[in-house]
Amino acid sequence: MAKKKNKTTAEGKFRFDLDTCSKLKDLSGAVSLFESAVSQNFRLSNYHYNALLYLCSVSIDEPSSKTLALDYGIRIYDHMVGSGVAPNEATITAVARLAAAKNDGDLAFEVVRTMRKYELSPRLRTYGPALFWFCSNLEGEKAWAVEEHMVSVGLNPEEPDLAALLKLSAEMGRGDKVYTYLHKLRAAVRSVSESTAEIIEGWFCGEAASEVGGVDCSLGGIEEVALRNGGGWHGQGWMGKGKWVVCRATVDSSGQCSSCGEKLATVDIDRAETETFAQSVAALAMEREVRSNFREFQDWLDKHADFEGIVDGANIGLYQQNFAKGGFSVPQLDAVVKELYDRSRQKWPLVILHYKRFQKLSENVTNRKLLQEWLTQGVLYRTPNGSNDDWYWLYAAVKLKCLLVTNDEMRDHIFELLGSTFFLKWKERHQVRYTFVKGNVKLQMPPSYSLFIQESVKGTWHVPVSSESTEESLRTWLCVTRPSSHELNDKPSGNEETREMEMDQRQQCDFKLSSCKTKDVRNGRSSENGTTTMTGKRKERSPSPSPYYA
């Protein structure tokens with residue numbers, strides 16, 4: 001009994017001393033504890049090893065302790081594995097950081113791949129050290145292999161990862177990879193950071209970018225592909241030939257670019273995503289609703305599929321009714337219905353209303369007359385007792401690909417089940433918000449263009465840059481055009497004409513926006529009006545962005 005007590009006391013003292021070293025970032029003290037434990041055959045636990053490895057991994061950023069951290073970090077991990085103590089995700093992440101700091105990207109990636117053996121799930125941070133090391137050292141094939149491995153385990157790279165891969169691909173002159181990562185960036189973020197914008201500028205201003213292209217934008221299939229994708233991109237490859245013109249521009253409320261004059265698209269989820277979305281909503285609804293009730297609604301909707309608008313009746317009727325004599329306002333609901341009717345060439349929207357609420361409202365003669373009129377016209381659907389009408393109006397809006405009038409932000413657990421990747425994109429394109437000003441309804445229609453990286457059917461690119469301002473008209477966009485990708489398709493070819501058109505577009509860019517930025521990627525030159533112009537030379541290589549090491 002005394003022996004067990006002494007053992008517990010020894011373990012307790014070791015952990016206390018180790019926690020103290022961690023708190024004080026005392027790596028030397030922690031290493032001494034490790035050496036003492038090894039010499040005394042003291043069995044260390046997963047907690048002890050992780051504390052030691054974490055302390056080593058954070059010490060690599062301190063010049064005074066970096067050497068000691070690198071000397072002992074991998075040694076501690078080897079001792080852990082040799083002792084039969086299974087690592088966890090935190091262990092692997094710490095070791096990967098140490099390996100990258102030792103300039104061993106291969107080891108940083110190899111320890112990640114061992115996680116399958118331990119039935120561990122990696123996180124994005126686990127891949128970071130290997131990915132950023134390979135990118136910084138221009139080892140393209142290995143960096144792309146890391147990204148492929150990330151995707152294979154269900155992880156989607158985020159902007160820092162994609163920016164590093166984009167920069168690597170640009171510096172290696174791999175136009176095919178740049179194109180791929182621009183589209184992955186388009187799918188991952190709504191707008192890019194300033195540092196990512198500069199990477200994109202650097203690519204388009206380089207010689208390698210002027211050499212990619214060849215896809216004929218006159219092919220009729222391009223527009224069809226863009227439409228099938230939901231608009232705003234086609235993904236068929238670089239269009240046109242020759243140098244690109246890169247400007248910093250703004251976009252007005254109608255979606256028109258201040259530099260090139262092109263109108264940006266409203267980007268919707270594509271056809272496949274729409275079908276998947278509708279199926280997901282239906283599947284979740286039937287798990288939570290009476291299956292036969294929701295199936296009946298689906299059948300009804302199939303027979304009444306010509307609606308262009310769906311109205312969340314409860315949301316509108318209860319809007320701003322939280323006062324003493326407030327209640328469900330049928331006049332508010334009627335006003336919204338009539339406004340949609342007038343806006344859509346006299347086509348009625350579909351009103352979704354709970355059956356119990358319908359019954360209660362029908363007790364009023366005036367209300368009953370209106371509601372019965374809607375029922376007779378087939379523009380009111382009453383959801384059954386015990387149901388959640390959210391499922392009904394959401395499914396109808398998705399299935400019929402139409403507008404949804406509601407101020408519901410759709411943030412509760414029901415909508416979290418659907419995921420956020422394309423749900424936010426769908427909301428932006430389909431949700432109509434409303435307000436009442438002195439009793440008059442004001443509808444806030446979806447924006448005339450979408451805040452996403454856009455690739456037009458003409459081959460031009462528009463990239464929104466992140467901004468702290470809430471005023472969209474002040475947001476900066478990268479406008480990337482290639483005169484030969486569209487103007488020259490309908491005009492005689494010739495080097496002199498090409499040069500004249502490129503010069504004309506550059507002058508327009510300079511004139512329209514004093515902040516137009518077309519960088520010489522090696523030797524930037526600024527004009528008198530503050531505009532930076534491009535000579536088309538390649539950019540001096542600099543390390544890819546990395547949150548792990550300088």
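Let's start inside helix α3. Its buried residues are H48, Y49, N50, A51, L52, L53, L55, C56, S57 and S59. Buried here means under 20% relative accessible area; exposed means over 50%, and partly exposed is in between, with a 1.4 Å probe and protein chains only. Ten of the 14 residues of α3 are buried, so this helix is largely enclosed by the rest of the structure. Helix α3 covers residues 46-59 and reaches 20 Å from its first C-alpha to its last, close to the 20 Å expected at 1.5 Å a residue. That expected span is 1.5 Å times one less than the number of residues.

Now the ground rules. This is a predicted model, in which local features need pLDDT of at least 70, side-chain atom pairs count only at pLDDT 80 or more, and totals for chains, interfaces and linings use all residues. Residues are numbered from 1 along each chain as its sequence is written, and side-chain values use heavy atoms, with hydrogens and water left out.

The whole chain, quickly. There are 23 helices and twelve strands. These are DSSP runs numbered from the N terminus: helices are H or I with at least four residues, strands are E with at least two. Of the 550 residues in the chain, 49% are buried. Take the contacts (heavy atoms within 4.5 Å). Among those with a separation of 6 or more, 69% join residues 24 or more positions apart.

Next, the cores. A nonpolar core is a set of buried Ala, Val, Leu, Ile, Met, Phe, Trp, Tyr and Cys residues joined through side-chain atoms within 4.5 Å. The largest one has 82 residues, and W203, F204, W238 and W461 have the most contacts inside it. Helix α5, residues 89-101, gives the largest share of this core, eight residues. A second, separate core has 56 residues, including V336, A397, V405 and L443. In general, nonpolar side chains tend to be buried together in soluble globular proteins.

Stay with W461. At 1% relative accessibility, W461 counts as buried. What is W461 in contact with, leaving aside its neighbours within four places in sequence? The partners are Y179, L182, H183, F204, W238, W244, I453, Q454, E455, L478, C479 and V480.

That brings us to rings. Rings of Phe, Tyr and Trp (its six-membered ring) pair if their centres lie within 6.5 Å; planes under 30 degrees apart count as stacked, over 60 as edge-to-face, the rest as tilted. The count comes to 27 aromatic pairs. In one of them, the ring centres of Y179 and W461 are 5.9 Å apart with planes at 90°, so the pair is edge-to-face. Y179 sits in helix α10, residues 175-188, and W461 in strand β9, residues 461-464; the pair links distant parts of the chain, 282 residues apart. Y179 is buried too, at 9% relative accessible area.

Compare W300 and F307. Their ring centres are 6.4 Å apart and their planes are at 20°, so this pair is stacked. Both residues are buried.

Another helix: α19, residues 365-377. Its 13 residues reach 19 Å from first C-alpha to last, close to the 18 Å expected at 1.5 Å a residue. Which residues of α19 are buried? They are N367, L370, L371 and W374. The buried residues pack against α17 (330-343), β3 (350-354), α18 (355-361) and β4 (380-383). On the face turned away, the exposed residues are V365, K369 and T376.

Both ends of α19 have a detail. At the start, a side-chain oxygen of N364 comes to within 2.9 Å of the backbone nitrogen of T366. After the helix comes G378, with a positive phi near 75°.

Last stop, strand β3. H354 is found there. H354 is buried, with a relative accessible area of 15%. Leaving aside neighbours within four places in sequence, H354 is in contact with T383, P384, N385, G386, S387 and D389. A polar atom of the H354 side chain lies 3.3 Å from the backbone oxygen of S387.

Conventions: Polar contact = N/O pair within 3.5 Å; in protein donor to acceptor, adjacent residues only side chain to side chain.
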